[in-house]
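Subject: Structure handover

Hi,

Here is the structure for you to look over. My notes follow below it.

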Amino acid sequence: MTVFIQASYFAAAVLFILGLKAMASPVTARRGIQWGGIGMVLATLVTFATPGMQNVGLMLVAIVLGGGLAAYLGRVVRMTDMPQMVAIYNGMGGGAAAAIAALEFARGHVHGTTATILAVLGALIGSVAFSGSCVAFAKLQGLMKKAFRLPAQNAVNLALALAVLGLAIRIVAGGFPLGSDLIVFFVLSLVLGVVLTTPIGGADMPVVISLLNAFTGLAVGFEGYVLGNPALVIAGIVVGASGTLLTQLMAKAMNRPIANVIFTPISGAAQGGAAVSGTMKEASAMDAAAMMRFAQKVIIVPGYGMAVAGAQHKVWEMARLLQEAGVEVKFAIHPVAGRMPGHMNVLLAEAGVPYEMIFDLEEINEEFATADVALVIGANDVVNPAARTDKSSPIYGMPILNVDQAQNVIVNKRGKGAGYSGIENALFYGENTRLLYGSAQQAIADVIADIKTLQG
Amino acid sequence: MDNLLYLYIFTLAAFTGYEVISRVPVILHTPLMSGSNFVHGVVLVGAMVALGAADANDPLQLAIGFFAVFLGAANAAGGYVVTERMLAMFKPRAKAGDGK
């Protein structure tokens, strides 16, 4: 029986890796998650056959409640809210890993130095991932406003981290940990997750979620060692490694070293950036419609504002109208548009925009100079020219879409405020920029109506 | 020897994870993050093993175990549903002339 269980775990691990591999290409991606799903069901089912399994009733209740609730919420949540769902499910995984460590300690079942070290490390990382992800969820969901920095934040973080590490060493060295030490250790680890994530805001959020995802993977891998379960070790470490790489890719796309994201977060407009002067010029829906209808080439730059307004379908409808009128239309997507890399691609794909029309920053940046109109919908920081020119700006050095090089720029935004990171945007005051106010949904609907009238 | 074996597994798994993700187009970064989030949902199995070995007469152990399984199941099920929903949008070819 045990051989059968071990073989099933092995098969599950292989399915996970193949699944991840398949998810790396748009053609096979869907198959990939399905393979992973089969692996998960297999691994879960054979676990019930573990010799000497107790508390099966309680276990079933927990699975049905946890799985059912998460699956239901995952199904009904809006596409724009996906990032926070990933964050919260990731946090739950981290919490589960930490709880496993807690249970193994409570059972007095952690033997040997290696096992103790890994159990403690897994508990620490898992707890940080749990509470950190909860904070990330609260921020993205809008339950928690903006970034909040303690005075001497880094000193507080350091002191807390040292305290947690000191306790961890004491637990490992003590051989048989005291209950009180463990409780304080878990509490401090959870607090550490909160204080690490709270000051981080704005465009840095995706990097943090990705980092916490990698953390959870590591925690799962470590607890897998403690339990002597290779399936957990393989899946956990694979995620830990790939998550770390993914985090680096994201951080690179934003030109923000990971250390900067954590230790010197962008927080609010007060931090820097030259004041911007000039006037913002408004455009009516009709102006915008005419400019685009009689253009040769239009590049649309969607941002989170479009996603929040749920305007992607309207935008695609407008794009098709323009195409029918003979205008060349392209979509330009910044690597960190939306709340996670690739988030905007998902939303556009949902609306039915074919991939061939969607371009990355490197692919399209040269083309803005040849575009008649660049239409920016609810994007801000990713098109802010200050990132190229203003050394004092907090986003200086971040690669941006060179929207300002287009003949004309139309910016759709809700109001006159600054972007998510709170930085003023010189683009809005540009000579060739017109602002189209209103929520993306309504503004684009008006533009569509006007394009139709122009077609007679 | 056993520890050395685990060291092998750790190392090879780390390389695998790195390799698997190194050639991914940007458009798949979010689904992939979500997918890897689902994969570490296998923590459910660990939580089940731990709860399965817990002392049935110790409420504290049962409570922690229940919590672990609950969270693990949520990670696995939620991660799957969310990833599947995202990837369902990536059809191999976009439907041409799809009316609305």
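Where pLDDT is low, the predicted coordinates should not be read in detail.

Conventions next. This is a predicted model, where local features need pLDDT of at least 70, side-chain atom pairs count only at pLDDT 80 or more, and totals for chains, interfaces and linings use all residues. Residues are numbered from 1 along each chain as its sequence is written, chains are lettered from A and ligands numbered from 1 in the order in which they are written, and side-chain values use heavy atoms, with hydrogens and water left out.

Confidence
The model scores ipTM 0.90 and pTM 0.78. Chain B has a mean pLDDT of 85, with 87% of its residues at 70 or more. Among the elements of chain B, helix α3 (residues 43–52) has the highest mean pLDDT, 96. Helix α2 (residues 29–39) of chain B has the lowest, 89.

Chain B
Chain B has four helices and zero strands. Helices (H or I, at least four residues) and strands (E, at least two) are DSSP runs, numbered from the N terminus. Along the sequence the pattern is α-α-α-α. Take the contacts in chain B with a separation of 6 or more: residues 24 or more positions apart account for 68% of them. The accessible surface of chain B is about 4200 Å² (Shrake-Rupley method, 1.4 Å probe; for residues, only the protein chains shown count as cover). Carbon and sulfur atoms hold 67% of that surface.

Interface
In the interface, 79 residues of chain B are in contact with 103 residues of chain A. The area buried between the two chains is about 8100 Å² (accessible area, 1.4 Å probe, that two parts lose on being put together, summed over both). Carbon and sulfur atoms give 77% of it. How many salt bridges cross the interface of chain B and chain A? The rule finds one, taking a side-chain nitrogen of Lys or Arg within 4 Å of a carboxyl oxygen of Asp or Glu. B:E84 pairs with A:R30, with the closest N and O atoms 2.8 Å apart.

Chain A
Helix α14 (residues 343–351) of chain A is largely enclosed by the rest of the structure, because eight of its nine residues are buried. Among them are A:H343, A:N345 and A:L348. A:G352 follows α14(A), and its phi is positive, near 100°.

A:G126 lies in helix α5 (residues 113–140) of chain A. A:G126 is buried, at 0% relative accessible area. Leaving aside neighbours within four places in sequence, A:G126 contacts A:G94, A:G95, A:A98 and A:A219. A:G93 is 33 residues from A:G126 in sequence, and 7.8 Å away in space, C-alpha to C-alpha.

On the surface, A:F10, A:V14, A:L18, A:W35 and A:I38 form a nonpolar patch. Together they have about 470 Å² of accessible area. Patches are made of residues with over 30% relative accessible area and no salt bridge; like charges are joined within 9 Å, nonpolar side chains (Val, Leu, Ile, Met, Phe, Trp, Tyr) within 5 Å. Helices α1 (2–22) and α2 (29–47) of chain A each supply at least two residues. α1(A) gives the most, with three. A:I38 is found in α2 of chain A.

Best wishes

Conventions:
pLDDT is the predictor's confidence in each residue, from 0 to 100. Buried means under 20% relative accessible area, exposed over 50%, partly exposed in between (1.4 Å probe, protein chains only). Contact means heavy atoms within 4.5 Å.
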